[in-house]
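Take a look at the structure below. Then follow the walk through some of its contacts.

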Amino acid sequence: MKRTLMALAAVVTLTVTGCGGGDDNPLQSGTGGGAGGGSASSGAGGGSAPAGAIKVGAADFPESQLLAQLYAGALKAKGVNASATDPIGAREAYLTALKDGSIQVMPEYTGSLLTYLDKSATAKDPDQVYAALKTKLPANQVVLDKSAAEDKNSMVVSKKTADKYQLKSIADLAKHQNDITVAAPPEFKGREQGLVGLKSAYGFTPKSFRPLKSSAVVQALKNGQADAANIFSTDPAIAENNFVVLDDPKKLFGSDNIVPLVAKANESQVSAALNAVQAKLTTQNLSEMLKQVTVDKKDPDKVAEDFLKQQGLA
Amino acid sequence: MINQIWTWLTDGANWSGDDGITHRLVQHLWYSGLSLLIAGVIALPLGTWIAHSGRASWLVTAANSLRAVPSLGLLFAASMLLSSKFTGDTDLPYLVPSIIVLTILAIPPLLAGAYSGVREVDPAARDAARGMGMTGGEVLRQVELPNALPLIFSGLRSATLQVIATATIAAYIGLGGLGAFLRDGIALNEYDAAAGASVLVAVLALAADLLLGVVQRLVVSPGLRTTRTRTRRNRRADATPAAAALGPTNARS
């Protein structure tokens, strides 16, 4: 009886640890909740991993899990003994895991990580953010090359609107401000990375503003209740609905390029393989892969494998 | 906190413009008024007919069970189902689900008020009217409806109170109204606006109730006020919530 109970307890523990987080994008809040830290060492404990084995961590949202699979797949293709962990949690949790050696590689975002390490950071341009980030990292951690792919706030219009007004950037949108209704979450109205900044950086004051929840924002843009919307740049809805992401020449929304954060001791072992992946990633192909994961419900490891094969990386 | 709320309420700048209190107040009354109107057009004739004819009284029970439906959940469900049906730069995908939800909220008290008002008319009065040779329609118009007015009003006042208080949720699917201050205030940590708007909603609901109370005093026959208290005491056991909402101040002049 006792043995049965123990076995049952073990199964329950495994099941609970295996469950990932929800779909919420913790980038939005900068500092997410610290939940999930307990599963940091699921799989193999940090110390017991065989020499040379690389664990790629993942945060608790689908994009991070996908990136972890991409990195792990690319490493395996180069003969490195690598695997992706189960989702760990928010930034607080996975940075601890990296520090204590439970993981060696972690997909990160330049802007979000920089503001996490240095609250007063002001850099906005991708290269400046990347350079500033390198100076703020702990001594035993390094970042590899940043990729062109970014996950950040962006202004998005429908294909029809983009064609109608010949829109390429937010500056073009500002020229037609009297015809533009903007849909975004309610807080967009009062934020610097929102209507306030759009006005000061681009002189853009929309005709009207529709405060909506995130899924309703996509609906509003799709059905024409809004002409422009605030959506994350890798949101699968962009590819799905042929939305057009407008350039942000004034860098109002900063830069949040994807970058691998690596334990210094493992840098030489992983840098070639991971930088090859970084070179191939774009916001668009990342968003397409993310669509396969969140909309078509494919396994992240399968999607990652297909992409690596396609790009000649595996 | 009280000071901050007061400052927010008395700052003239907060009252003007599209995001101002005046505009939000008008929007709030518009959503509430439209919902009450639609609910009244449906529930008052239906309740009267059910009580007068004695048929389909299960409808009143069924409508009462609607009170158990959580408005916010229903709002999100309705908005998901309906929002893709509208295209173009219009408020309809947000307005239609909100009005539907508020109408559903207002129907049960209105229906119960009309139904119990007409049903509980003194049978002696009804029989006397028939004995005088009145037709069914005449009995309804000249005897049953005037006698039912106190309970119809109590249903209306109860519905108005609930609809005005609940219309704040319309802001959560993208409409305005006083709920917009709650939505934006919570999102942007502007708690003075959120708290100030809550005060305004409460004041608005009480003011509407007061107004309807005055109208009720003007239109209800004075002769009903004394008999009302006597009959009320007799049927306290089966009083509907709508009837229970009829305060003693309305019943006795």
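B:Phe181 is buried in this predicted model. Its relative accessible area is 11%. That value counts as buried because the cut-off is under 20%. B:Trp8 is buried too, with a relative accessible area of 8%.

These two residues belong together. A search of the whole structure finds three aromatic pairs over all chains. In one of them, the ring centres of B:Trp8 and B:Phe181 lie 5.1 Å apart. Their planes meet at 80°, so the pair is edge-to-face. The cut-off for that label is over 60 degrees. Now place the two residues along the chain. B:Trp8 lies in helix 1 of chain B, residues 2-10. B:Phe181 lies in helix 8 of chain B, residues 179-187. The pair therefore ties together parts that are 173 residues apart in sequence.

B:Leu72 and B:Tyr172 are 100 residues apart in sequence. In space, their C-alpha atoms are 8.9 Å apart. B:Leu72 is found in helix 4 of chain B, which covers residues 71-82. Is B:Leu72 buried, partly exposed or exposed? It is partly exposed, with a relative accessible area of 38%.

The charged end of A:Lys119 sits over the ring of A:Tyr116, 5.5 Å from the ring centre. Likewise, the charged end of A:Lys146 sits over the ring of A:Tyr130. Here the distance to the ring centre is 5.9 Å.

Next, turn to where the chains meet. How many residues does the contact take from each chain? Chain B gives 18 residues and chain A gives 15 residues. Together the two chains bury about 1400 Å² between them. Carbon and sulfur atoms account for 47% of that area. In chain B, the residues that lose the most area to chain A are B:Asp89, B:Tyr94 and B:Leu188. Together they make up 36% of what that side buries.

B:Asp89 also has a charged partner across the contact. It forms a salt bridge with A:Lys207, and the closest N and O atoms are 3.1 Å apart. Between chain B and chain A, the count is five salt bridges. The count of residue pairs in polar contact between these chains is eleven. Two elements give two or more residues to the side of chain B that touches chain A: helix 5 (92-119) and helix 8 of chain B. The largest share, three residues, comes from helix 8.

Notes
Residues numbered from 1 in each chain as written. Chains lettered and ligands numbered in written order. Predicted model: local features only at pLDDT ≥ 70, side-chain atom pairs only at ≥ 80, totals over all residues. Heavy atoms only, no water. Phe/Tyr/Trp six-rings, centres within 6.5 Å; stacked < 30°, edge-to-face > 60°. Helix = DSSP H or I, 4+ residues; strand = E, 2+ residues; numbered from the N terminus. Buried < 20%, exposed > 50% of the residue type's maximum accessible area, 1.4 Å probe, protein only. Lys NZ or Arg CZ within 6 Å of the ring centre and 35° of its normal. Contact = heavy atoms within 4.5 Å. Buried area = accessible area lost by both parts, 1.4 Å probe. Salt bridge = Lys/Arg side-chain N within 4 Å of Asp/Glu carboxyl O. Polar contact = N/O pair within 3.5 Å; in protein donor to acceptor, adjacent residues only side chain to side chain.
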